[in-house]
Amino acid sequence: MHDIRFIRENPEAFDAGLKKRNLAALSAELLEIDKRRRAAISGSEGLQARRKALSQRVGIAKRKGEPAEALMGEVAALEESLKKGEAEAARLDEELTHRLEVLPNLPFDDVPEGTDEHGNVEVRRHGNQRNFSFAPKDHVTLGEATGEMDFAQAVKISGARFVFLKAHLARLERALAQFMLDLHTSEEGGYTEVNPPLLVRDNAAYGVGQLPKFAEDMFHTDNGYWLVPTAEVPLTNLVNDTVLDEKELPLRFTAFTPCFRSEAGAAGKDTRGMIRLHQFPKVELVSITTPEQSAAEHERMTGRAEEVLKRLGLAFRTIVLCGGDMGPASRKTYDIEVWLPGQNAYREISSCSNCGDYQARRMGARYRPREGKGTRFVHTLNGSGLAVGRTLVAVLENYQNEDGSVTVPEVLRPYMGGLVTIPAPAGRK
């Protein structure tokens, strides 16, 4: 949500931010609505003051036994005018709120220009792509050959974009999630593990910017709940309508949850395999901090997500998204892309975003500074640490052997009961 006061004071900067989002200038339109809204409010306040004064005169006249009919008629007329004025002020306030709540956040100055993914800028790479002595298979071919990745049965039960994982692959998914949580909740990681609700109300989805813009991409129950598209929703809302003390910040939360997305805006994309499912597991990272610390917290969060891939020995690159490719709530986003030899491409496995005070304004999340009076809005950040299903895909494709077996990364072996290799299909019992 944008602050209309900022737009009044910085119309050119506001329009420049929208331009980086590939949107037309809107400050003039918004300020015209705001001008009429404020005039309606001012007019109503003037009428209220006039009504109060006349009511006092009516009371004095009655106490003195003097005629008060004319004054009472004037009060009645003011009542009607006041109702109309208040209704107009409320209508304009609603119109302004609606216009502001669907607008994306303004990118930071260092976010690159660009209209789509082609404007994104690579900032670093880590690790080497594996050189195979054979043609590497993709995760679908590897998984289906074992019978432990079953899309066909999932289609019968749930439809497209669902999967059954069984035996070794089910355990591998669980191992990855536990490894990530242990890393993030370690003293070095500094995140507090949370097991949040998976069903949320409108206000929670609205608070992080999912509503009203992304309603079609979410699953809704028939009794008024939304299935979480990411644990960002409940974790960030832990500070909804809350005033914190600065000494409590930063707050860092992590959670492993299933995520549910209808993918209405991704029709036809990644229809093969586990890259884009309606239900998928993810370890989420959320930080709540001060405006002064949010940039450093963003770098830290991105580094923690990268650390997962480093310890798994997977090659990746980190890119900063251009203004035209960022999510609406973000002011700056880093995407981490892991190398998938089965696709011969880097694919997104984490997106870490600094949302500034955009979500905090919608949620009413504030803090009391150590010095000075009053309160300020917190800054909120979120990121994947990591998308567990996509990490499983990366492990299968990067650690595959020619016979179809898969070597278990060393850091995961304690979570796999010491298993070194997921056996080839012929070796299954």
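Visitor: On what basis are the values computed, and which side-chain atoms are used?
Guide: In this predicted model, local features need pLDDT of at least 70 and side-chain atom pairs count only at pLDDT 80 or more, whereas totals for chains, interfaces and linings use all residues.

Visitor: How many salt bridges does a search of the whole structure find?
Guide: A salt bridge is a side-chain nitrogen of Lys or Arg within 4 Å of a carboxyl oxygen of Asp or Glu. By that criterion, the search of the whole structure gives 27.

Visitor: Is D34, which pairs with R38 in a salt bridge, buried or exposed?
Guide: The N to O distance between the side chains of D34 and R38 is 3.3 Å. Buried means under 20% relative accessible area, exposed over 50%, and partly exposed in between (1.4 Å probe, protein chains only). R38, at 43%, is partly exposed. Because the relative accessibility of D34 is 0%, D34 is buried.

Visitor: Which side chain of opposite charge is nearest to E232?
Guide: Lys and Arg count as positive and Asp and Glu as negative, with His and the chain ends not counted. E232 is buried and has no salt bridge. At 6.5 Å, the nearest side chain of opposite charge is K282.

Visitor: What is the distance between R124 and E306 in their salt bridge?
Guide: E306 is buried at 6% relative accessible area, while R124 is partly exposed at 32%. Their side chains meet with an N to O distance of 2.8 Å.

Conventions:
Residues are numbered from 1 along each chain as its sequence is written. Side-chain values use heavy atoms; hydrogens and water are left out.
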